[in-house]
Number of protein chains: 2
Amino acid sequence: MGELATLFGPERVAVVGATDRDGSVGRAITANLLADFEGDVVAVNPTKDEVLGLESHDSVGAVPDVDVAVVVVPPPIVLDAIREAAEAGIRDVVVITAGFGESGSEGARRERELRELAAEYDLNVVGPNSLGIMNTGVGLNATFGPENAQEGSISFMSQSGAFVTAVVDWANDRNLGFHNVVSLGNKAVLDESDFVREWGEDPDTDVILGYLEDVVDGRAFVESAREVSQDTPIVVVKSGRTEAGASAAASHTGAIAGSEEAYEAALDQAGVLRVDTVQDLFDFGSILAGQPLPERDGVAIVTNAGGPGVMTTDAVGDSDLSLASFTDETVERLQEALPDEANVYNPVDIIGDAPVERFAEALDIALADPNVGAAVVLACPTAPLSYEVLADAVVELQADHQVPVAATLMGGSSAREANERLSQVGIPTYFDPARAVRSLDALRAYREIGQREYTEPETFDVDREAAREILESAARRDTNRLGVEAMDLLDAYGIPTPDGDIVDARSDAVEAAERIAPDGEVVMKIVSPDILHKSDIGGVAVGVPPGEVGDTYEDLVTRARNYQPDATILGVQVQEMVDLDSGVETIAGMNRDPQFGPLVLFGLGGIFVEVLEDTTLRVAPVSESSAREMLDEIDAAPLLRGARGRDPVDEGSVVETLQRLSQLVTDFPAIVELDINPLVATPDGAQAVDVRLTIDQEQL
Amino acid sequence: MGELATLFGPERVAVVGATDRDGSVGRAITANLLADFEGDVVAVNPTKDEVLGLESHDSVGAVPDVDVAVVVVPPPIVLDAIREAAEAGIRDVVVITAGFGESGSEGARRERELRELAAEYDLNVVGPNSLGIMNTGVGLNATFGPENAQEGSISFMSQSGAFVTAVVDWANDRNLGFHNVVSLGNKAVLDESDFVREWGEDPDTDVILGYLEDVVDGRAFVESAREVSQDTPIVVVKSGRTEAGASAAASHTGAIAGSEEAYEAALDQAGVLRVDTVQDLFDFGSILAGQPLPERDGVAIVTNAGGPGVMTTDAVGDSDLSLASFTDETVERLQEALPDEANVYNPVDIIGDAPVERFAEALDIALADPNVGAAVVLACPTAPLSYEVLADAVVELQADHQVPVAATLMGGSSAREANERLSQVGIPTYFDPARAVRSLDALRAYREIGQREYTEPETFDVDREAAREILESAARRDTNRLGVEAMDLLDAYGIPTPDGDIVDARSDAVEAAERIAPDGEVVMKIVSPDILHKSDIGGVAVGVPPGEVGDTYEDLVTRARNYQPDATILGVQVQEMVDLDSGVETIAGMNRDPQFGPLVLFGLGGIFVEVLEDTTLRVAPVSESSAREMLDEIDAAPLLRGARGRDPVDEGSVVETLQRLSQLVTDFPAIVELDINPLVATPDGAQAVDVRLTIDQEQL
């Protein structure tokens, strides 16, 4: 157990603000604690002599050896109560009282003071504005909810107290148990990262579930979740995903959340299984708690009904699992065991007249197949089939083979008892076979998380001082936006760029062109921090032959001046021609998220960036394996690999560019936004043809 | 009622093969009929005197006025039994007996004979290999399933009998009722189209649900479903969607199904709401049967719990609904009605201490808002809130406002009674608010189907004879594949092509180029039915200046000869240059589906067709409105509308090209496949730059 061992496993809990007033929160908590808790409950309320049969104490300091103080006094005296507890040596506090950060400026001030107090005394504080916490292992129900949870191996945290109440009520009805339950409240001190870390060390927690509206410290969460998720699955609903949802969340919690894109990337990198619905949260949580992980992706379907078998096969097709291909031995054994009309290939159709024995034999054979990693037991009600006896057989076979099984015993009341027997041993059951398959697929997804190899990001040998000088010189010019004049920044970090010079005289332009392409053509672009869309104003000339370089220089400058007389013109860039036809235009970019810091982006470039949005993101720093994944993830990935007989591009060069970009933006917090567009990927390497960035001078 | 009025509403039903043998199908059907049927039940079995208290007759002809014969005799005597019934004047037959098309060649022969018999006597035959049919309106349960359905307004057909059994069992447990239920069996005579048509005319059927593995006659289904779906929603699971599922379906039914792409397009054009899962099938069916359609897309969420409110808002964001924006009046009324801490904007958070009265008042105000088209009632269990009383209030308010409502009363046993009250009046309830929103979104989707205006496809004035001559001349050359030499085919159907000639002499090439582009450049391509990838062998020259036309002609021919000495070379095409830079390369194509006939395709062209698969399909003929939808549907649609400051292309010209292509492939069944790639869409119109097609000479 970790730092919160005492919080969840106290021997003595004090309710500060205990009362027997009907309908009060203080009464509900005291009563809940008295119901099942293995330890002592202490009532603290100076206005009472006795509360629900307990002696009432004037102060929490009056009773020795209190481990946890649950605070339900009115907001103005919460801080005094906590200080008193802290002085008495209590380190673990649950603040139920509301009226803090969620309600006005006085509440916000109070929350700040609570945070300071916690720091001063090194307190573990849950809340404020929390429904409380539960630990079924010691019968601890320090919440004011109407029901206590059943025992189980799932630990659940929720940023909504109401949702905790609803979930416990619903889960009790389905025999779904929890180990710990935490209502996070305002997360003034302890937040999701703390509980993830704690439960990662807790042998009684097999699965961590969370309902979150934001994450207090993005990078801390990614770090702790990444470590914990290697051994303990974490499934999270992060709400406020959509624009409408985000603004609803903001008005609900007042928190400034990071962007949805950042959360999506960060949760994935942290090894969190992110789900969108309550149904998936508990479907996935249940199967992860109840079933072993599949050793391979092949699924066997054993059914007495062909039609639903087809639907289930479709569901497998929709998932990242596959329909297992049986070995010859399995097929032969099934042929021997089943009647002629049966289908001995997967999905195994044992025919509608099958009794339980036939079902069990077919399932036994299928589970033994070396290509089978998981199985769906799929039954429709028939006269010869007893669902209860089938359930018992499935329980036994699953235990024998240790292969994950999900069940769909279709029907209503006829399936109830059987479903209960299955779910009691952790085999999930659903009316819809698609949910059974989705759940098995969640096992696969988590197996892959557990198999991930996180590599440390490489640190390349770069010219950091040169890069700093470029940024500082921009700051000296009081410029926040840089364009091609920042190509040197990329050079400093070893990102390949076409040969080029920025010149501010006609003769220099001619000279530069002669050096870069002695007899060939060049590209020329106006260089001005004030002109963003250079091509729109005719500020770019492509394929300029040797004889026209001088005139083109004059033209570009004139056009820019006409377009925007007050624009600062730094000169004209003369650049080597890059053959776009043999390459693929990609984009490599970065922006900074308030919650997660620098995010690195990769995608299809050119006009497709805007229209098709074929991009992918990572929270920096980006390791080599992450960068490689980014290349694989975009829809246009086949273009990079040489679709239609083209030569594949040099992916290694793109991968390295993303890593070097990640290093650059991590080294310089002053870089707020950066786009290399296009980054032209060719069989001979990647080249950054154009760049645009925004800097925050105060960060320099 | 339609042609099947007697089948579903008989006054006298005979069970041919009635028996009292324990565990037999004949006994189960006779008993089911005797249980609730309002009409007469007649037992036919020459080996018995009495069956379950009924006099047993030697033949179905022995009893007058039998309306429906349910046949359960062994396979070899089924046909005789049906002929006897037909001779006795019976027109409606349900064949329960299996052992037909689904089992071997003898069964297939038997099924053919059954079909002939039905044609001879003009019989309506359900099955064979059917579980039977139900009509709760007259208590008719002519199935051998264990349970009869409850009364309701959903009619349900299923290609799997086992699934019928499972669904009825499950639905009874949830108070979900049906009007008619049909197990389609082998669909030898009556198929899905017949039942869709029947139920479309049935005033007691509000919603049609189907589980289908294939469709017997694709075009007939599209036609009948399109008509019916204007007034009666049709929701269908068509399984065998995925590659694995399709092969499972083929081994299950033996049917050769059309392609998944064709089904997808056809079901959509037919106005069918296609769903992938059992859950959606019944969620959507229930709400369509129970709630009115929303008049607008704005959803109001009224809740006592902020967190779940955010999740629900996310679900709205995921859907094609939107979060309703309240009028000032609504906001003011909510401000008056709710405490200060409440959120009076959508989602309305009435705060955790709300009693039912506050909930009802807020819901009443929200439902009255002119921007609200539907509402989600979302509650977490709290002490002051009685779910039962809340349910009663919701029922009343929904009835008052006639706005569709879905409910999420979160919790388990605490919500059971309330959920029952709601579902009894047709207000669906779910633990997961995302399902509530999905269901409301299904109402929206169906409203849009009802609002569709189906326009007749236009018939353009084309030169059909010229087109025929081109196809026949290819047939005379014994060629199945045509390339640019078929550009004239497009011309004949008024599809714009660049100016061009096919020439077979150097001098003709020079002359053609002079005519086409007196001083400019031309494109030249080798023309050979044997060389498919012309550019790969250097068979295409772009930007040929006037002086080089002759030499280029020789070069192209030489290259083609070297590449493939035995290739038939029809000449060289000299074509006007098309400015690809100002246009968007699209593809317009066609292929022929075994089930649905010609399908017209539109998509992003060039190398993106293969990599990004950004395409959309329609079953021909394609009307103008359909063609317009196709342009809107592709991901790259913004490119057509002028992304990044480009001029929008002439969409009308592309739309007309698709319509003319549809007419061409409908007129000539011999065209098996056709691709116009690229169809260059520019601001000045669309141009078919290249074409490739495959013909089936036997169809000419």
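Six salt bridges are found across the interface of chain B and chain A in this predicted model. One of the salt bridges of the model joins A:Asp318 to B:Arg241, with the closest N and O atoms 2.7 Å apart. Polar contacts between chain B and chain A number 19 residue pairs, with both residues at pLDDT 80 or more.

Which helices supply the side of chain B that touches chain A? At least two residues each come from α5 (161–173), α8 (243–253), α10 (278–290), α11 (306–318), α15 (413–424), α16 (433–451), α21 (608–612) and α23 (637–640) of chain B. The largest share, 10 residues, belongs to α11(B). By residue type, this side of chain B divides into 33 nonpolar, 19 polar and 15 charged residues.

The extent of the interface can be given in residues and in area. In all, 67 residues of chain B are in contact with 67 residues of chain A. The two chains bury about 5200 Å² between them, and 67% of that area is on carbon and sulfur atoms.

The arrangement of the two chains comes next. In general, two copies of a chain are related by a rotation about an axis and a shift along it. Here, chain B is superposed on chain A by a rotation of 180 degrees with 0.1 Å of shift along the axis, and the RMSD is 0.2 Å. The two copies are therefore related as by a two-fold rotation axis. Within chain B, the C-alpha nearest the axis belongs to B:Leu612, at 5.0 Å from it. Both copies use the same surface, since 100% of the contact residues of chain B recur in chain A.

Salt bridges can also be counted over the whole model. Over all chains, the count comes to 85. One of these salt bridges lies within chain A, between A:Arg438 and A:Asp280, where the closest N and O atoms are 2.3 Å apart. Helix α16 (residues 433–451) of chain A holds A:Arg438 and helix α10 (residues 278–290) of chain A holds A:Asp280, so the pair ties together parts that are 158 residues apart in sequence.

| A:Asp318 | B:Arg241 | 2.7 Å |

A few backbone features deserve a note. Most residues other than glycine have a negative phi, and most peptide bonds are trans. What is the form of the peptide bond from A:Asn346 to A:Pro347? This bond is cis, with omega near -5 degrees. A:Pro347 is in the loop between α12 (328–337) and β17 (348–349) of chain A. In chain B, a cis peptide bond joins B:Asn346 and B:Pro347, and its omega is about -5 degrees. B:Pro347 lies in the loop between α12 (328–337) and β17 (348–349) of chain B. A:Ile351 is not a glycine, yet its phi is positive, at about 75 degrees. The loop between β17 and α13 (356–368) of chain A contains A:Ile351.

One annotation comes from a record. An unreviewed UniProt entry gives "domain: CoA-binding" for residues 7–100 of chain A. In the model this span is 26% helix and 26% strand, and its end C-alpha atoms lie 22 Å apart.

Methods: Residues numbered from 1 in each chain as written. Chains lettered and ligands numbered in written order. Predicted model: local features only at pLDDT ≥ 70, side-chain atom pairs only at ≥ 80, totals over all residues. Heavy atoms only, no water. Contact = heavy atoms within 4.5 Å. Buried area = accessible area lost by both parts, 1.4 Å probe. Salt bridge = Lys/Arg side-chain N within 4 Å of Asp/Glu carboxyl O. Polar contact = N/O pair within 3.5 Å; in protein donor to acceptor, adjacent residues only side chain to side chain. Helix = DSSP H or I, 4+ residues; strand = E, 2+ residues; numbered from the N terminus. Nonpolar A, V, L, I, M, F, W, Y, C, P; charged D, E, K, R; others polar. Least-squares fit on C-alpha atoms with pLDDT ≥ 70 in both. UniProt positions renumbered as here; feature names shortened; annotations may be inferred.
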